[in-house]
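Thanks for coming. I will go through a few local features of one model, so please look at the structure as I talk.

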Amino acid sequence: MKPYNKDESKRTQVRRMFNNIAPYYDKICHILSFNMDRLWRKQLVKLVAKNEPINIVDIATGTGDVAISMAKNIPNTQITGIDLSEEMLKIAQQKIERMGITNIRLLCEDAENLSLPSNSFDVVTISFGIRNFENIDKGLSEFHRILREGGSLLVMEFSTPKHKVFNTLYRFYSKQILPVIGRAISKDNKAYSYLPESIVEFYQKNEFIRMLQNIGFDNCSAISLSSGIAHIYTGVKPKI
């Protein structure tokens with residue numbers, strides 16, 4: 001599915017959508033997730049830190065929250081933040097400069113066609129971005145390519161809860177309440193209808209794990225967050 005249902009590619013529409021909502025993105029995320037997004041990101045960073053990585057790529061880095069958290073909490077690391085949206089990256093750069101962080105560089109690139117060298121990074125992370133890809137297989141293949149042997153991929157993405165009552169409440173919230181608040185703050189009539197719908201359309205946990213395995217990742221698993229509202233998927237590029 002596409003944000004604006006036009007003839008343009010999904011990639012073009014996603015870039016325009018995030019450019020449109022960039023000034024409001026952080027505020028809306030915190031409001032609509034009841035600040036749970038902050039806790040989820042902390043858990044992701046703790047998992048990354050266990051690998052003691054030196055070179056990290058944060059895909060769909062957006063306004064930079066994950067990259068900044070990793071830069072502040074993981075010693076001796078160099079982080080490359082990649083995003084398709086110029087406006088999101090402008091906000092990320094402002095945060096980085098305001099905090100005096102020197103170990104993050106930002107690149108505006110298509111994550112399905114990265115300019116980064118093969119077999120060069122210890123960890124690749126992506127938070128709430130994979131479902132917006134035009135070709136998820138191609139994106140995952142790029143992540144696999146740039147990771148060194150033994151390097152880890154961590155994908156944090158929304159999902160639909162399995163518990164029947166919780167699922168019903170979640171769907172009502174995401175379809176009836178989230179779009180109204182999102183539209184009121186961002187003035188984009190389509191973005192906050194597309195975003196919850198894209199969660200429903202995204203792969204189920206076991207389907208996405210199989211996709212990671214098919215790309216060539218080993219030791220694939222999923223960690224449930226907040227009763228299945230989101231998951232952190234992990235995989236390792238095997239050593240040959």
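The side chain of N103 reaches the backbone oxygen of T77 at 2.9 Å. That is a polar contact, meaning a pair of N or O atoms within 3.5 Å; within protein, one must be able to donate a hydrogen and the other to accept it, and residues adjacent in sequence count only if both atoms are side-chain atoms. This is a predicted model, where local features need pLDDT of at least 70, side-chain atom pairs count only at pLDDT 80 or more, and totals for chains, interfaces and linings use all residues. Residues are numbered from 1 along each chain as its sequence is written, and side-chain values use heavy atoms, with hydrogens and water left out.

N103 sits in the loop between α5 (86–99) and β3 (104–108). Helices (H or I, at least four residues) and strands (E, at least two) are DSSP runs, numbered from the N terminus. Is N103 buried or exposed? Its relative accessible area is 15%, so N103 is buried; the cut-off for buried is under 20% relative accessible area, with a 1.4 Å probe and protein chains only. Apart from neighbours within four places in sequence, N103 is in contact with A71, T77, Q78 and I79, contact being heavy atoms within 4.5 Å.

Next, R41. This residue belongs to helix α3 (residues 36–49). R41 counts as buried because its relative accessibility is 12%. Neighbours within four places aside, R41 touches D65, V66, F128 and M156.

How do α3 and helix α4 (residues 65–73) cross? Their axes come within 10 Å, at roughly 50°. Axes here are lines fitted to C-alpha atoms, for helices over the stretch in contact, and angles run from 0 to 180 degrees between N-to-C directions. The pair α3 and α4 is therefore oblique: under 35 degrees is roughly parallel, over 145 roughly antiparallel, 65 to 115 roughly perpendicular, and the rest oblique. On the α3 side the contact is made by R41, L44, V45 and V48, and on the α4 side by D65, V66, S69, M70 and N73.

The last pair is helix α1 (residues 10–21) and helix α8 (residues 191–201), whose axes come within 11 Å and cross at roughly 120°. These two are therefore oblique to each other as well. From α1, K10, V14, M17, F18 and I21 meet A191, Y192, Y194 and L195 of α8.

Definitions and conventions:
Buried means under 20% relative accessible area, exposed over 50%, partly exposed in between (1.4 Å probe, protein chains only).
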